[in-house]
Amino acid sequence: MADIVLGIGTSHSPLLASPPEDYPKHAEIDAKGRKLLDKAGRPCTYGELLDKADPAITAQITPEVLAARAQRCTDNVARIAREIAAARLDALIVVGDDQNEQFLDDNMPAILVYWGDTIENNPLRMDDDAPAFWRRARSQYHEEGGPRDYPVASGLARHLIEGLIARDFDVSHSRRLARAHGEGHAFGFVHRRLMAEHVVPIVPVALNTYFPPNQPRPRRCHALGRAIAETVRERGDEGRVGILASGGLSHFTVDEELDRAVLDACARTDGEALASLAPERLNSGSSEIRNWITVAGACAHLTTAWQDYVPCYRSAAGTGCGMGFSVWR
C-alpha cells in the first residue's frame with residue numbers, strides 16, 4: 001500500500017532568489033501601482049497601507065535585518081531540499097497555483113491534475129528591457145539553458161484523478177501543456193530550488209487560488225487534501241509518497257497574524273481552524289495559503305517535525321512576503 005510519508009510547505013516568492021539589496025527595488029513596484037489588498041482583503045493603495053502601517057516596521061527593513069532574513073530563508077530552502085532527498089520518495093505530489101502561465105480566461109479550472117509522462121520547464125522569457133533584479137528574481141523558476149522535461153508519476157496521477165472523481169471532486173485533467181511558458185512558477189520552483197541534485201517524479205495538482213470566481217473555498221481545500229491522502233492509500237503498489245504546498249504565505253501585504261495562525265493550526269492538526277479561514281483574506285498572493293490548507297488536510301496522519309516563519313518586509317507600508325516553511329513526517 002502506498003502512503004504519504006512526508007509533507008512539505010514552502011514559500012516560493014521571487015524574494016527567495018533576490019539578494020537583500022534588491023528588496024527595495026521590489027518595494028518600488030509596490031509603491032508605483034501594484035494591485036494591493038489590506039489585511040481584510042479589501043483593495044487599497046500603497047499610500048493607504050503606509051498611513052495605517054505600524055511605525056515599527058521601519059526597523060525591520062534595515063540592510064542588516066534584510067540580510068539576516070534573506071539568509072535565513074536561503075538556509076530554510078536548503079533544509080527543505082535535504083528533507084526531500086532524505087525521504088527517498090517514489091513520487092511527490094505538488095500542490096501549486098497557476099498565474100496565467102498555462103490557464104487563462106478561456107479555461108480556468110478550479111482543480112486540475114496533470115498526468116502526462118513528463119512535464120516541461122523552459123528558459124526565462126522576458127522583454128529585453130526587463131530590469132536585472134527582476135530577471136534574477138524570476139530565474140529560480142526557469143531553466144538556464146534549453147527546455148527540460150521532468151518525470152511525472154503518471155500512474156499515480158491517473159489513480160489520483162479517478163479516486164478524486166469517485167469522492168465527488170470534479171477535477172480537470174491534462175496530459176500536455178498548451179502554452180510555451182512551461183510548467184509554471186509553483187512547479188518550477190520545486191524542480192529548480194528543491195530538486196537540483198535528486199529529481200523525484202511529481203504529480204502536479206493546480207488549484208485556482210488566484211482568480212475569481214471559481215477559487216476553491218478553504219473547507220473544500222482541506223477536504224481535497226484528505227481525499228488525496230485516502231486515494232493514495234488505495235493504490236495497490238508499495239510506494240513512499242510526499243506532498244508539497246508551493247507558495248504563500250501572506251503577500252503582498254504581510255499579515256503576521258494570519259500567517260502564524262495558519263502555521264499554528266497546521267502544527268496542531270486543527271483542520272477546522274484552517275477550513276474556517278475567511279476566504280476574503282485569501283486573495284492576491286495570500287491566496288496560495290489554500291495550497292497549504294490542502295496539504296495540511298493530506299498530512300493529518302503525520303506530525304509537524306519543523307516549522308519556521310520569516311516575515312520579509314520590504315517597505316514601510318508593510319509590503320513583502322510572509323515566508324513559511326514546514327515539514328510533516
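Residues are numbered from 1 along each chain as its sequence is written, and side-chain values use heavy atoms, with hydrogens and water left out. Because the model is predicted, local features need pLDDT of at least 70 and side-chain atom pairs count only at pLDDT 80 or more, while totals for chains, interfaces and linings use all residues.

Helices (H or I, at least four residues) and strands (E, at least two) are DSSP runs, numbered from the N terminus. Strand 1 covers residues 2-10, and seven of its nine residues are buried; buried means under 20% relative accessible area, exposed over 50%, and partly exposed in between (1.4 Å probe, protein chains only). Two strands pair if DSSP finds at least two bridges between them. The table lists two pairings of strand 1.

| Partner of strand 1 | Direction | Bridges |
|---|---|---|
| Strand 10 (residues 239-246) | parallel | eight bridges |
| Strand 12 (residues 320-328) | antiparallel | four bridges |

Asp3 has Arg240 as its bridge partner in strand 10, and Gly7 has Trp328 in strand 12.

**Helix 1 and helix 4**

The axes of helix 1 (residues 23-31) and helix 4 (residues 132-139) come within 10 Å and cross at roughly 100°. Axes are lines fitted to C-alpha atoms, for helices over the stretch in contact, and angles run from 0 to 180 degrees between N-to-C directions. Helix 1 is therefore roughly perpendicular to helix 4, a term for angles of 65 to 115 degrees. Lys25, His26 and Ile29 of helix 1 meet Phe133, Trp134, Arg136 and Ala137 of helix 4, where contact means heavy atoms within 4.5 Å.

His26 counts as buried because its relative accessibility is 1%. Beyond its neighbours within four places in sequence, its contacts include Pro14, Leu15, Arg34 and Arg314.

**Nonpolar cores**

A nonpolar core is a set of buried Ala, Val, Leu, Ile, Met, Phe, Trp, Tyr and Cys residues joined through side-chain atoms within 4.5 Å. The largest has 51 residues, and Ile4, Ile93, Leu164, Val203, Ile228 and Ile243 have the most contacts inside it.

**An exposed loop residue**

Asp170 lies in the loop between helix 5 (154-166) and strand 8 (172-174). Asp170 counts as exposed because its relative accessibility is 73%. The C-alpha atoms of Asp170 and Arg72 are separated by 40 Å, and the two residues are 98 residues apart along the chain.

Definitions and conventions:
Angles under 35 degrees count as roughly parallel, over 145 as roughly antiparallel, 65 to 115 as roughly perpendicular and the rest as oblique.
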